[in-house]
Amino acid sequence: MKMNMHTIDRIIRVLLALAIVTLYFSGYLSGTLAIIALVVAVIFTLTSLIGFCPLYSLVGISTRKKSK
């Protein structure tokens, strides 16, 4: 897997994941929506840690700068 995420993209995903988890534990998210949001938060966290987004790869997007 070749990294295709820029550092800013990774930070935004982690911050969104933290926001989702915070909303869940504060009680603002519940039920099916909470489960879906937590799955998205886990996916955001994992893709941020490895720097690779499979969806970006399928679409042909890369937010990472090209190395010379």
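**View 1. Asp 9 and Arg 13 join up in a salt bridge.** In this predicted model, the closest N and O atoms of Asp 9 and Arg 13 are 3.5 Å apart. A salt bridge here means a side-chain nitrogen of Lys or Arg within 4 Å of a carboxyl oxygen of Asp or Glu. Side chains of opposite charge can pair when their charged atoms come close. The structure holds one such bridge. Both partners sit in helix H1 (residues 7–25), and because they are four residues apart there, about one helical turn separates them. Helices are DSSP runs of H or I with at least four residues, strands are runs of E with at least two, and both are numbered from the N terminus. Are the two partners buried or exposed? Asp 9 counts as buried, with 14% relative accessibility, and Arg 13 counts as buried too, at 10%. The cut-offs: buried is under 20% relative accessible area, exposed is over 50%, and partly exposed is in between (1.4 Å probe, protein chains only).

A word on how to read these views: this is a predicted model, where local features need pLDDT of at least 70 and side-chain atom pairs count only at pLDDT 80 or more, while totals for chains, interfaces and linings use all residues. Residues are numbered from 1 along each chain as its sequence is written, and side-chain values use heavy atoms, with hydrogens and water left out.

**View 2. Arg 13 also lies over a ring, that of Tyr 56.** Arg 13 is 5.2 Å from the ring centre of Tyr 56 and over its face. For a charge to sit over a ring, NZ of Lys or CZ of Arg has to be within 6 Å of the ring centre and within 35 degrees of the ring normal.

**View 3. Ser 48 touches Arg 13 as well.** Look for Ser 48 in helix H2 (residues 31–50). Leaving aside residues up to four places away in sequence, Ser 48 touches Met 5, Arg 10, Arg 13 and Val 14. Touching, or contact, means heavy atoms within 4.5 Å. Ser 48 has 5% relative accessibility, so it counts as buried.

**View 4. Tyr 24 and Phe 25 make an aromatic pair.** How many aromatic pairs does a search of the whole structure find? One. Rings of Phe, Tyr and Trp (its six-membered ring) pair if their centres lie within 6.5 Å; planes under 30 degrees apart are stacked, over 60 edge-to-face and the rest tilted. Tyr 24 is partly exposed at 33% relative accessibility, whereas Phe 25 is exposed at 69%.

**View 5. Stepping back, the chain has three helices and zero strands.** The C-alpha atoms fill a box of roughly 50 × 20 × 15 Å along the principal axes. Of the 68 residues, 24% count as buried.
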